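Here are my notes for your first look at this one. Open the structure beside them and take the points in order.

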Amino acid sequence: MFDYLLIGIVAVVIIVLLCWIYLRIAGAKTAGSQKLVKKTEGPGFARCPLCDMPLPRGDNIFTKIYRPMDVPDQRCIVMGCIHCYPKVEQGLRRICPVCHKEVPLDGNLIARLFNKRDGSKHIHIVCCTECGKK
């Protein structure tokens, strides 16, 4: 009888120890993701999806957005930032983030614009005029 009691106590201790380890690991992942959010909030830089130049937050990228405006998902054409459109600055290359080919000055990126409920916007690049020809 003493053996069964000892085995039960050891089993409970092992289960509690495994739960404690799991919670420590899950808590570390959550704390890490919260730190990541804090690093990206506030003043900082965004990058142009074509030339990868850092842009101060709030700087606009030249785009064409297709109507209607009150939907959560719209088609969008991205032409570039002030560094790569309408004229490319010396030493910059306009590279498609999807196919990694060079996009000519008369080319652009085709994207989906997501209008979030809090008023913020998110762009997902689908293709460029070069990889969209396929």
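Where is the place of P86?

1. The place of P86 is in the loop between β4 and β5. Strands here (E, at least two residues) and helices (H or I, at least four residues) are DSSP runs, numbered from the N terminus. The peptide bond leading from Y85 into P86 is cis, with omega near 5°. As background, most peptide bonds are trans, and most residues other than glycine have a negative phi.

2. Before you go further, a word on what you are looking at. This is a predicted model, in which local features need pLDDT of at least 70 and side-chain atom pairs count only at pLDDT 80 or more, while totals for chains, interfaces and linings use all residues. Residues are numbered from 1 along each chain as its sequence is written, and side-chain values use heavy atoms, with hydrogens and water left out.

3. Now the overall layout. The protein has 1 helix and 6 strands, and reading along the sequence you get α-β-β-β-β-β-β. Of the contacts (heavy atoms within 4.5 Å) with a separation of 6 or more, 41% are between residues 24 or more positions apart.

4. On to the surface. Buried residues (under 20% relative accessible area, with exposed being over 50% and partly exposed in between, using a 1.4 Å probe and protein chains only) make up 21% of the 134 residues. The accessible surface comes to about 10300 Å², and 63% of that belongs to carbon and sulfur atoms. Those areas come from the Shrake-Rupley method with a 1.4 Å probe, and for residues only the protein chains shown count as cover.

5. Two backbone spots deserve a look. D52, in the loop between β1 and β2, has a positive phi of about 65° although it is not a glycine. H100 also has a positive phi, near 65°, and is likewise not a glycine; you will find H100 in the loop between β4 and β5. D52 is partly exposed at 46% relative accessible area, while H100 is exposed at 60%.

6. How many salt bridges does a search of the whole structure find? There are 2, taking a salt bridge as a side-chain nitrogen of Lys or Arg within 4 Å of a carboxyl oxygen of Asp or Glu. One of them pairs R112 with D73, the closest N and O atoms being 3.1 Å apart. R112 sits in strand β5 (residues 109-115) and D73 in strand β4 (residues 73-80), so this pair ties together parts that are 39 residues apart in sequence. Both ends are partly exposed: R112 has 29% relative accessibility and D73 has 32%.

7. The other salt bridge joins E102 and R93, with 3.5 Å between the closest N and O atoms. E102 is partly exposed, at 45% relative accessible area.

8. Is N108 buried or exposed? N108 is buried, with a relative accessible area of 16%, and belongs to the loop between β4 and β5. Leaving aside residues up to four places away in sequence, N108 touches I77, V78, M79, R94, V103, C128 and T129.

9. I125 is another buried residue, at 17% relative accessible area, and lies in strand β6. Beyond residues up to four places away in sequence, I125 touches P49, V78, P97, V98, L109, I110 and A111. I125 and V78 are 47 residues apart along the chain, and their C-alpha atoms are separated by 8.8 Å.

10. Finally, the largest pocket, which holds about 760 Å³ of space. The search uses a 1 Å grid over the protein atoms alone, and a pocket is an open set of points where a 1.4 Å probe fits, with protein on both sides within 12 Å along at least five of seven lines; lining residues have an atom within 4 Å of a point. Grid points are joined across faces, edges and corners, and the volume is the space filled by probe spheres set on the points.

11. Which residues lie nearest the centre of the largest pocket? They are A46, R57, K121, H122 and I123, out of 21 lining residues. Strands β1 (45-47), β2 (54-56), β3 (62-65) and β6 (121-128) each supply at least two lining residues, and β6 gives the most, with 4.
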